[in-house]
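Visitor: I've got a structure to go through and a handful of questions. Could you walk me around it?

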Amino acid sequence: MAVDLDGATNEGYANGVQQANFAPGTYNIVYTHVGPDTVSCEFTVTVIDTIDPVIVCPAIVEVACIEDVPTPHTNFVPFISEGGILDDNCTVNLSTLVWISDTGLPVTECVNRDTITRVYSVSDIYGNSNTCEQTIIVYDDIDPTFVSFAPDTLINCDADSTVAALGTPVAEDNCVSGLESLTHSNVSTQGIDPTLCSYYSYVVTRTWVATDVCGNSVAVNQIITVQDTTDPTALCLDISVNLDPTGNVSIVAADVNNNSTDNCMAPSLLNLTATPLDFTCDEVGPNNVVLTVTDACGNASTCVAVVTVVDTVPPVAICETAIYVYLDDDGLATIDTTDINNGSWDNCAIDTMTLSVSAFDCSDVGPAIPVTLTVYDVYGNSAFCVTLVTVLDTIDPVAVCQDIDLYLDENGLATVDAEDLDGGSTDACGGLTFEANPEDFTCANVGPNTVVLTVTDVNLNSATCTAIVTVIDTIDPVAVCQNIDLYLDATGNATVDAEDLDGGSTDACGGLTFEANPEDFTCANVGPNTVVLTVTDVNLNSATCTAIVTVIDTIDPVAVCQDTTIYLDVLGNASVIAAQLDGGSTDACGGLTFSASQTSFGCADVGPNVVEVTVTDVNLNSSTCNAIVTVLDTIDPVAVCQNINLYLDANGEATVDAEDLDGGSTDACAGFTYSANPADFDCSDVGPNTVILTVTDINNNSATCTAIVTVIDTIDPIAICQDVDVYLDVDGEGSTTAALVNDGSSDACGIDTMYLDIYDFTCSDVSETNTVILTVVDVNGNSATCSAIVTVIDTIDPVAICMDTTIYLDVNGLASVTAPQLDGGSSDACGGLTFAASQTAFDCDDIGANNITVTVTDVNLNSSTCVAVVTVLDTLNPVFSQCFGPDTLDSDPNGCYAD
């Protein structure tokens, strides 16, 4: 037999000596078992070594740089001195220590950040070998350092502030791979407004950052102070300025700036001030102006500019728009500048003023003459304006009048000729014209009239005198007649008013009076009559004409009505004659006739009707009165019924519409209303019902008939379900009922039955969605359904039955059993049993009977337990273990050892 030294621990006796370990090789062994009956046997043992040596690498090494990684060991002395372990169950061959490889991570953060796995190998004297791994961590977390710095500095705002001008620091790193980068960034306190000093005087903090290849970095600040202390360069510009119309002129500092500059600030942003800035007439000529140029930081310089003030503004000539000049008695007139000047002025001062025309005579009377006023100032500037001068003649003529007679024409008009009233008027300038007021006369002016004569000369000067004009009327009026109708009064008499016969008689002077012959008329004169009309004017001139006077009787009779009542016939008709409605109408002339606004009546007229009666006399004069004709309907309708079906609503109720029972009822006047008795029905009335229909016409006449109303229930019940749980019994079966699934189903007329499509459930329904349909049927056969979820639940524990068993320790002193091996026939209605045991592994400590709890779990996780007895037996004979090394053996029963 071949024995591996690994695990050769069994003991025995060979040749009377206890043997524990053997060196590799082949041995003949006699095994003797001493007891009541001594027995022995002989066998060959071959010992071989297959155990790998033990190699443990030195501890983890941590370095900062890749160049600091130690070199691999090539012999065992430094390997062991650094904590490595080399061992073997026999003898390790130390010369076989070999470095195999160094392997880094596939991807590293940087060259100085890596994890290296270093593998070593060793072999024992029998060729068994083993390896170990040493971890070397390369991790550079050391920041670089600056060995020199860029100096802090103070510079002017126009100086070079670049790195090239202000210097660069020097940095170094702990690792050979060195720096990755040296960068800088600036943080400035410079203001954003170029008009403020903070834009030119500020501090720049330049931060230098040195970063190595692994991202470690160090920063240092360089302070750069920027200032502005340089004055601007002031450059002046000589200028000439003109006084304005007020004799003033102002400049601004920029007017005398000749592109002054600054070392930093833009010329357009420099602050400019100058003095003086304001000039008047007193400064006409050259003036020195001091320009001060200041930058944002208060640096300033000055220069002097010559500002020449010039007056080129002409005076302002202001004339009167127009003036009047009156000729004197000699026809002459004169003016000077004071008559025309209306406030002329100059920005400095006025010297002189002149006129283009100053003398006028009679030849100038007429259109306005333009006269020019010229104004000169003290500096020779001039201006002019124009005034319109109107020359006027205001000397009146001498007026002389005479009296005259004036005759009206056929129109009652007359106009006086004003020259006829002139009695020798005179004027020095001649060209007289005459105007009379009044000059037109009418009939109202018959007799003496005072007239004013106005005498006007060629220049419209005038004078007046008065004359007496006597107006005379000798023209007869024009008589014009018109025919008229003359109406007799209630007594049969009438008198004509002569003025009514006037058809437009006229007279220029008016004031007409009229006289008719004849003027009185009676009933005997009804018809046309000839009448003579005499027309006389206010001045007693007269004329005549004839007119036709037609005498007319227009007096209406007195109409008196009486009321009556009439009845509709079976066809709904009734009538009356007009004379039946007369209540004693009268007329002085007699011969009355009657007519009515309505004589025929129908159903629409039932009730009082106002009828207008017209009464007409022999001369066709008429009047009306109103009679009340009351129309009555006393005929009952003919009631005809029909049978109907009536459907209950969701509340089990229904109301019949009485009109639905009408089968063709008739009445001459129509307009039916219907009422049914009974009209309301419920579930108790399902089936035929006798109903009385009352038919009433519009005039409340009524009749009845009977109809059969069949009450029908077609409303399905309301099915309401609820989900239920069903618990399986020990046989794996369960059921539910319609009553359990029902959750308040209802019907107005009552529920008859309820049933389910599925009542029974088994294990296969556990964990399934089981949908059941509940059907609800009411007492009238209507039905409805709803669905519910039935959750099938298995709460029945399985029946656990255990079976005892015996197991045997193996050569390692171990034994095991599985939980199903302990099952003695456990059962469950739903099956799917699984088993678990409180102990399944056993060793020498468990030899004998062991009570093991077996847990039996069904497919639905219900469980129960039982106890099985597991008897552990050791039936293997012992074997020898092998010792190695020197030959001296000890018979210690606990084993063998090397001396």
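This is a predicted model: local features need pLDDT of at least 70, side-chain atom pairs count only at pLDDT 80 or more; totals for chains, interfaces and linings use all residues.

Visitor: Then let's start with Asp 713: which side chain does the side chain of Asp 713 make a polar contact with?

Guide: Asp 713 sits in the loop between β53 (702-712) and β54 (724-727). Setting aside its neighbours within four places in sequence, its contacts include Asp 747, Asp 778 and Asn 780. The polar contact of its side chain, at 2.7 Å, is with the side chain of Asn 780.

Visitor: How far away is the nearest side chain of opposite charge from Asp 713?

Guide: Asp 713 is buried, yet it has no salt bridge. A salt bridge needs a side-chain nitrogen of Lys or Arg within 4 Å of a carboxyl oxygen of Asp or Glu. For Asp 713, the nearest side chain of opposite charge is Arg 113, and the distance is 86 Å.

Visitor: Val 686 is in contact with Asp 713 as well. What is the relative accessible area of Val 686?

Guide: Val 686 lies in the loop between β51 (680-682) and β52 (687-696). Leaving aside neighbours within four places in sequence, Val 686 touches Leu 648, Val 711, Asp 713 and Asn 780. Buried would take a value under 20% and exposed one over 50%. Val 686 counts as partly exposed, because its relative accessible area is 35%.

Visitor: On to β58. How many of the nine residues of strand β58 are buried?

Guide: Strand β58 (residues 770-778) pairs antiparallel with β56 (residues 751-756) over five bridges, and Thr 753 has Val 777 as its bridge partner there. Another antiparallel pairing, over eight bridges, joins β58 to β59 (residues 783-793). β58 is largely enclosed by the rest of the structure, because the number of buried residues is seven.

Visitor: And which residue in the turn between β58 and β59 has a positive phi?

Guide: β58 and β59 make a hairpin with four residues between them. Within that pairing, Thr 775 is opposite Thr 785 in β59. The turn residue with a positive phi, about 85°, is Gly 781.

Visitor: Now the sheet with the order β42-β47-β46-β44: which strands stand at its edges?

Guide: This is an open sheet of four strands with mixed pairing. Each edge strand has a single partner, so one side of each is left without a neighbour in the sheet, and these strands are β42 (564-567) and β44 (593-596).

Visitor: In that sheet, which residue in β47 stands opposite Val 613?

Guide: β46 (residues 607-616) and β47 (residues 622-632) pair in the antiparallel sense over ten bridges. Opposite Val 613 stands Cys 625.

Visitor: What about β36: which residues make up its covered face?

Guide: Side chains in a regular strand alternate between the two faces of the sheet. β36 (residues 484-487) runs parallel to β41 (residues 542-552), with four bridges joining them, and Val 549 in β41 is the bridge partner of Ile 484. The uncovered face of β36 holds Asp 485 and Tyr 487, while the covered one holds Ile 484 and Leu 486.

Key
Residues are numbered from 1 along each chain as its sequence is written. Side-chain values use heavy atoms; hydrogens and water are left out. Two strands pair if DSSP finds at least two bridges between them. Helices (H or I, at least four residues) and strands (E, at least two) are DSSP runs, numbered from the N terminus. Buried means under 20% relative accessible area, exposed over 50%, partly exposed in between (1.4 Å probe, protein chains only). Lys and Arg count as positive and Asp and Glu as negative; His and the chain ends are not counted. A polar contact is a pair of N or O atoms within 3.5 Å; within protein, one must be able to donate a hydrogen and the other to accept it, and residues adjacent in sequence count only if both atoms are side-chain atoms. Contact means heavy atoms within 4.5 Å.
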